[in-house]
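Have the viewer open while you read.

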Number of protein chains: 2
Amino acid sequence: MFVQMELSRIVFSEINNQQVIYLREVAGTREFYILIGIFEASSIDRRVKGAPQQRPLTHDLVCCVCNELGGKMQEIIISRLEEQTYFAQIKIQHGEKIIEIDARPSDAIAIAMLCQPPLPIFVEENVLKQSISSQQS
Amino acid sequence: MFVQMELSRIVFSEINNQQVIYLREVAGTREFYILIGIFEASSIDRRVKGAPQQRPLTHDLVCCVCNELGGKMQEIIISRLEEQTYFAQIKIQHGEKIIEIDARPSDAIAIAMLCQPPLPIFVEENVLKQSISSQQS
């Protein structure tokens, strides 16, 4: 079962390269966080703030290649947590087919925030439970 | 007219965020450089060194989306230099069509180095001349 989440906060660390993004349940109060790199965090933050940019950045390229080849991004899913690594997929509709692209959650969320409107973000119920449990301990 | 180039050096700066990649003429001796960000420089460097990676990084995603949607990357072109900004395109074959995606040269070169074999890199003759002239002064 998948639970729809939304980006609630991005916290930048000034002392290391581990930035934190928080995802909160859309229809509830549960929340968990994922540690991501500074590049991906900046990319997400820029989009959230609507900062103008003169040239396409790397995440824009992913969207641009998808659109130009006739794909339409549908949603992103955080499906698995293994040894503290989260696994995500970007779902793309291409003609009659749905294609799933393996991605890091940081890239998937950056891409979700690039789309207009932003793509829905889902997390597998067990991943959500497991994350909350390990992050509370 | 386009001139084929190859990546000859990546120079990392320890004092600022401007890394330098050098492109050298394949059939000659002319060379010029482009300043790029640390993220793109690291991505190119990792590929040149064949460093293993456990999860797909952002440039891998561009290639993966392209492949999954039936595109085949052909080559990259650095076509324009305006006010010290270089403009590049990634050429993708999609069925009968050739699609050109606007990109920063750093992303285009990172993607070129990801492909097996690496994509050919072309630069417009006037851009090459203009770069060499301004970089020598």
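Two strands count as paired if DSSP finds at least two bridges between them, and strands (E, at least two residues) and helices (H or I, at least four) are DSSP runs numbered from the N terminus. This is a predicted model, where local features need pLDDT of at least 70, side-chain atom pairs count only at pLDDT 80 or more, and totals for chains, interfaces and linings use all residues. Residues are numbered from 1 along each chain as its sequence is written, with chains lettered from A in the order in which they are written.

With that in hand, Met5(B) has Glu25(B) as its bridge partner in β2(B). The strands β1 (2-11) and β2 (19-25) of chain B pair in the antiparallel sense over six bridges. They belong to an open, mixed sheet of seven strands, ordered β3-β2-β1-β7-β4-β5-β6 in chain B. Because β3(B) and β6(B) stand at the edges with a single partner strand each, one side of each is left without a neighbour in the sheet.

Now the pair of chains.

The contact (C-beta atoms, placed from the backbone, within 7 Å) takes 21 residues from each chain. α2(A) gives the largest share of chain A's side, eight residues.

| Element of chain A supplying at least two residues | Residues |
|---|---|
| α2(A) | 58-68 |
| β6(A) | 97-103 |

Conventions: Two residues are in contact if their C-beta atoms, placed from the backbone, lie within 7 Å.
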